[in-house]
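Dear colleague,

Please find the structure below, handed over for your own work.

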Amino acid sequence: MEIWDGFTRAIELLVSFDPEVMRIAGRSLIISGTSCLLASLICLPLASLIHFRQFRGKRALISTIQTLFAMPTVLVGLFVLVLFSRVGPLGFFRILFTPYAMVIGQILLISPLLLGFTISALSGVSREIIDTATSLGAGGFQTIWLVLREARYAVLAAVIMGFARAISEVGCAMMVGGNIRGATRVMTTAISLEASKGDIALSIALGIILLLVALIINIALNRLQQR
Amino acid sequence: MTLIKVTGVTHKYDGRPVLQNINLSVDRGDMFALIGPTGAGKTTLLRIVDLLEVPGAGEIYFDGVRIPQSGKQRLEIRRRISFIHQKPQVFNLSVYDNIACGLRWRGIEKNKIVSKVDHILEMVGLEGYESRNARTLSGGEAQRVALARSMVLEPEVLLLDEPTANLDPVSTTKIEQLIQQIATQRNTTMIMATHDMHQGQQLASRIGVLLGGELIQTGNATDIFHSPQNEQVAHFVGMENILEGVIVANDEGIATVNIDGVAIQAISSYPVGKQVYTCIRPEDITLALSSTKSSARNCFQAKITRITFIGPLTRVEIDCGFRMLALVTKISAAELNLQAGAKVHATFKATAVHIIERKASQ
């Protein structure tokens with residue numbers, strides 16, 4: 001009965017656009033969106049570089065990146081916490097328990113995923129396409145840009161996967177954000193806290209929004225893969 | 001004037017030699033055909049000329065300039081050359097963007113690009129296809145996009161690698177017409193690789209035969225098809241009658257060759273005692289029911305051993321002391337009522353016989 005009661009109250013919160021729910025959801029989207037955007041800006045060129053350059057240890061590097069796909073979120077949280085804690089090497093930035101720290105954590109978390117999937121997206125572009133571009137007089141960067149465009153659906157899919165992992169993780173956001181109400185409280189940390197406090201309704205409402213985001217992402221991915 | 005010069009080019013893939021000491025020069029405005037079977041190294045040679053690959057040894061000269069092994073100059077030279085690959089590789093972009101990309105990479109102004117692309121689309125007959133994704137096109141259409149994409153750059157050199165290998169006969173004809181049109185209109189220098197010797201014969205002003213990584217013979221179509229330099233080339237260019245013999249007499253350039261006890265007259269300067277291959281193109285042999293008076297020096301009574309029909313032609317295998325193959329039209333085969341076991345007279349001129357030296361090792 002408690003679940004049913006919580007569910008109906010959650011629907012109420014959603015249809016009435018409860019300001020607290022909307023603020024938390026909005027903060028989640030902004031933090032994870034920013035992480036995803038910044039991570040993409042770093043990882044897409046870096047992935048191109050790794051893919052197009054031949055160097056020693058390339059295979060080992062790619063294997064390492066793929067291993068880090070499964071990196072536990074709390075491990076990233078711990079790393080950022082140690083780095084940015086008051087006594088840590090980057091403590092002078094004083095950004096621990098702010099959205100900035102959360103964004104940094106999420107960038108670290110999703111970068112391996114973005115790198116790995118972008119590299120495999122680029123590998124999907126045949127040698128012949130690259131040769132054709134070279135033949136037609138493309139310079140180094142022009143070739144890289146063309147190959148990124150050739151693989152654009154697969155690259156975009158990688159970006160979407162990165163966003164999905166960022167918005168759904170809780171460990172890192174909790175550890176480096178601290179779940180401070182009105183500042184660093186995002187959907188996942190709120191669900192975790194409110195549920196343990198017994199406020200099932202808010203958790204369910206946020207859970208539904210998270211699932212909706214997941215659904216939208218899924219539809220977008222399916223659309224892309226059908227192209 | 002020599003535009004492209006290849007000297008002593010040798011190349012290996014994983015230790016396996018694919019090109020051996022290739023020397024080749026192509027004049028400006030020439031249409032050069034590289035013919036050879038699959039795996040002879042044609043594509044590799046084109047890739048090296050397009051500066052996509054650096055040869056293991058040897059030099060490439062373009063317009064008198066020696067090409068360095070790396071550096072910016074390669075890109076500059078490459079931008080004067082275009083390469084149409086065997087399988088048309090269109091980018092996953094619109095037809096317009098496909099054709100415009102090379103111009104954009106060269107930093108051409110936008111309005112100039114628009115007019116150039118429009119013009120070339122018209123030339124290859126793809127007007128109205130601008131916004132179609134090039135990946136949705138048929139093989140023939142994609143090959144035309146590839147051709148347009150290269151032609152719009154107005155290259156000095158066009159390299160074509162089996163441009164019609166994957167196409168149906170109608171598309172093949174279209175592409176061949178376009179190639180000829182380009183060759184005459186723009187005086188573009190072309191090197192075309194093909195395993196189809198007839199295509200080479202039809203389109204090219206000069207032909208090179210590439211066999212097993214070696215450029216065995218270069219010359220015009222008549223040289224290659226009627227005077228192949230060795231047995232391998234003879235085989236490849238369709239000399240189906242290659243008979244081993246020995247020269248037994250030579251009377252001022254008219255040699256008599258003994259083949260399994262039968263004497264054949266041929267034009268040759270080889271001396272008596274020389275081991276030779278005697279080559280006769282099957283279409284140069286005339287078959288008749290009775291021994292007609294003819295200026296041809298070689299006339300033999302023969303027995304038909306086998307008849308096969310291929311398209312408009314009939315292949316007649318005959319035995320006149322040695323085995324030969326003759327090609328006659330279907331109509332004359334019917335008129336002569338050719339049948340296996342029947343007796344015919346086979347006639348061919350001494351000039352139709354091509355003599356190749358047979359080395360002891362062969």
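**Findings**

Of the contacts in chain B with a separation of 6 or more, 66% are between residues 24 or more positions apart. Please bear in mind that this is a predicted model.

Chain B has 362 residues, of which 41% are buried. Its secondary structure comprises 10 helices and 20 strands. The C-alpha trace of chain B spans about 75 × 45 × 35 Å along its principal axes.

One sheet of chain B may be of interest to you. Five strands form this open sheet in the order 13-12-11-14-20, and their pairing is antiparallel. Strand 13 (262-267) and strand 20 (353-357) of chain B are the edge strands, each pairing on one side only. From one strand to the next, the twist averages 45 degrees.

The next point concerns the contact between the chains. Chain B contributes 17 residues to this contact and chain A contributes 13 residues. On the side of chain B that touches chain A, helix 2 (72-78), strand 6 (81-84) and helix 3 (95-105) of chain B each supply at least two residues. Helix 3 of chain B provides the largest share of that side, with 3 residues. By residue class, the side of chain B that touches chain A consists of 6 nonpolar, 5 polar and 6 charged residues.

In soluble globular proteins, nonpolar side chains tend to be buried together. The largest nonpolar core in this model has 163 residues, and the members that touch the most others are Leu206(A), Ala148(B) and Leu159(B). Helix 5 (residues 99-123) of chain A supplies the largest share of this core, 15 residues. Which residues is Leu206(A) in contact with, leaving aside its neighbours within four places in sequence? They are Val21(A), Ile24(A), Ala25(A), Met187(A), Ala190(A) and Ile191(A).

With kind regards

Note on methods. Residues are numbered from 1 along each chain as its sequence is written. Chains are lettered from A and ligands numbered from 1 in the order in which they are written. This is a predicted model: local features need pLDDT of at least 70, side-chain atom pairs count only at pLDDT 80 or more; totals for chains, interfaces and linings use all residues. Two residues are in contact if their C-beta atoms, placed from the backbone, lie within 7 Å. Helices (H or I, at least four residues) and strands (E, at least two) are DSSP runs, numbered from the N terminus. Ala, Val, Leu, Ile, Met, Phe, Trp, Tyr, Cys and Pro count as nonpolar, Asp, Glu, Lys and Arg as charged, and the others, Gly among them, as polar. A residue is buried if 20 or more other C-beta atoms lie within 10 Å of its own, exposed if 12 or fewer, and partly exposed in between; C-beta atoms are placed from the backbone. Two strands pair if DSSP finds at least two bridges between them. Axes are lines fitted to C-alpha atoms, for helices over the stretch in contact, and angles run from 0 to 180 degrees between N-to-C directions. A nonpolar core is a set of buried Ala, Val, Leu, Ile, Met, Phe, Trp, Tyr and Cys residues joined through C-beta atoms within 7 Å.
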